[in-house]
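Hello,

Here is the structure I said I would pass on. My notes on it follow below.

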Amino acid sequence: MRLLVLSLLMVLPRCSFAADKPNILIAISDDQSFGHASAYGCTFINTPAFDKVAKEGILFTNAYAASPGCSPCRAALLTGRHIWQIEHAGTHASSFPAKYRAYPEVLGENGYWVGYTGKGWGPGNFKVDGRIENPAGPAFSSKKTKAPHSGISSTDYSANFADFLKQKPADQPFCFWYGGHEPHRGFEQGAGLKAGKKLEDAQVPGFLPDRPEIRSDLLDYAVEIEWFDRHLGQIIEQLEAAGELENTLLIVTSDNGMSFPRAKANCYDAGIHMPLAMRWGGINPPGRTCDALVGFVDLTRTIYEVTGVTHPSEDYPLAGHSLQDIFQSATSNASDAKRTAVYSGRERHSSSRYQNLAYPQRSIRSGDYLLIKNFRPERWPAGPGQKLMKNGEPGPLHDGYHDIDACPSLTYLIAQRDDPELGKYFHWAIDHRPQIELFNLQTDPDCLNNLAGTEENSATEIQLTTQLQNYLNETGDPRELNGGDIFETYPRYSSIREFPKPETR
């Protein structure tokens, strides 16, 4: 009886404390660049669910991912810390140290019903560092459906969310992570055309050639975004039916840019500039567009602030700024002093170089400009192009650009690499890059005209380089402090390829 009384004393305050807390629901697609939603005016992708969130909430135009790769970006979002502040979790397909607390587990300890469906944190091995479940929470992914195209996951995301809601205790708020596997490669080739889309409708970015092969690949990409959005719409309908929508902070975004050459796995705008719409019941004035600079670590801080849950670690504090004031404001807050810059970074992506060496990058977006620092410019940004076969002999040339996902667009660029007109697209994606790159995103959103080293932009380059270096030093980035070779030692738990030893490491 004494133990029962003690148990009740522990449980009852938690339940009453949790009952009036807002729900948290993040919907995060896999490899979707900014602008690729109809709310942004995109004409070849139809996203009514994303548009609904934007119309009833806030549409953000300057949201930036923590990294242009999935597992490090998701780890940064889950912990609220930059990728260079979370050791192994800041690189691809490594591990996730338990000392860096993920917000779902913290909310779970504070009265929240927690779960995820689809893709949580990954790829990687979270168990080797003391975790017993995915940092996104307990999995709800048993419900399956018939996918309309190969390449689309059979996970029935919305049915799994219904299962999650059904199991939720009535007196608990919830924290849910809807992680779509779409539009990650590979796509069913020709799926867009099969779905009735037309080649002429595709909008081709400037870093890719405007050719039918590229347009068709973009239509296939569009079909997968629409599948993710369809399930988002069904989830929203369930929230409305359950009477939970108005008390839910709904965040819809993606983890990194589109899986095309010079986008994903690059700190160019197409790799880190993300779609973002947020809705929070009656808290936010509806139908606003916000041009404030937002980083993913800001989303994490926001979740802690709106739930009233204290982040548990003084040793590993949150890095971002809460967006709660934006919800309660009628303006965009673009001129807010704490939102003058956002930072992103990249370490190892795929197994693409000798001994899994990374192509380390850090970037700062401020004002109209994006500045990128390439810490090892002697390395090939997409990989050296040639790997070793199983017998140890060098394989074919141009078969080892594994920091670009295998796709028809890459195949086309390789085939046209010597073409006088089209060869430049291949070289933009493959060639060595200088240590500093600077782009004016207002005049050059495709990041093709490097302004670094030009006299007329020297003041901007110096200012942003200094600001980036200072911030990296303040936040303890090993790349800036001592070269960052520690990043090269973190094990990779996914497949590993062999490459010829380079002349310089």
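The model is predicted, and it contains an open sheet of four strands in the order E9-E10-E11-E12, paired in the antiparallel sense. Strands of a sheet pair through backbone hydrogen bonds, either parallel or antiparallel. At the edges lie strand E9 (342-346) and strand E12 (436-440), each of which pairs on one side only. On average, and with direction ignored, neighbouring strands of this sheet are turned by 15 degrees against each other.

Strand E11 (residues 369-374) and E12 are joined by five bridges.

Next, a helix pair. Helix H2 (residues 48-56) packs with helix H7 (residues 212-241) at an angle of about 50 degrees, and their axes are 7 Å apart. H2 is therefore oblique to H7. On the H2 side the contact has Pro48, Ala49, Phe50, Lys52 and Val53; these meet Asp229, Leu232, Gly233, Ile236 and Glu240 in H7. By type, the contact residues are six nonpolar, one polar and three charged.

Last, the cores. The largest nonpolar core has 66 residues, of which Trp177, Met278 and Leu299 touch the most other members. Leaving out residues up to four places away in sequence, Leu299 touches Leu77, Ile251, Leu276, Met278, Val294 and Leu323. A second, separate core has 30 residues, among them Ala202, Phe207, Ala222 and Tyr412.

Regards

Key
Residues numbered from 1 in each chain as written. Predicted model: local features only at pLDDT ≥ 70, side-chain atom pairs only at ≥ 80, totals over all residues. Heavy atoms only, no water. Axes fitted to C-alpha atoms, helices over the stretch in contact; angles between N-to-C directions. Helix = DSSP H or I, 4+ residues; strand = E, 2+ residues; numbered from the N terminus. Parallel < 35°, antiparallel > 145°, perpendicular 65-115°, else oblique. Contact = heavy atoms within 4.5 Å. Nonpolar A, V, L, I, M, F, W, Y, C, P; charged D, E, K, R; others polar. Core = buried A, V, L, I, M, F, W, Y, C linked by side-chain atoms within 4.5 Å. Buried < 20%, exposed > 50% of the residue type's maximum accessible area, 1.4 Å probe, protein only. Pairing = 2+ DSSP bridges.
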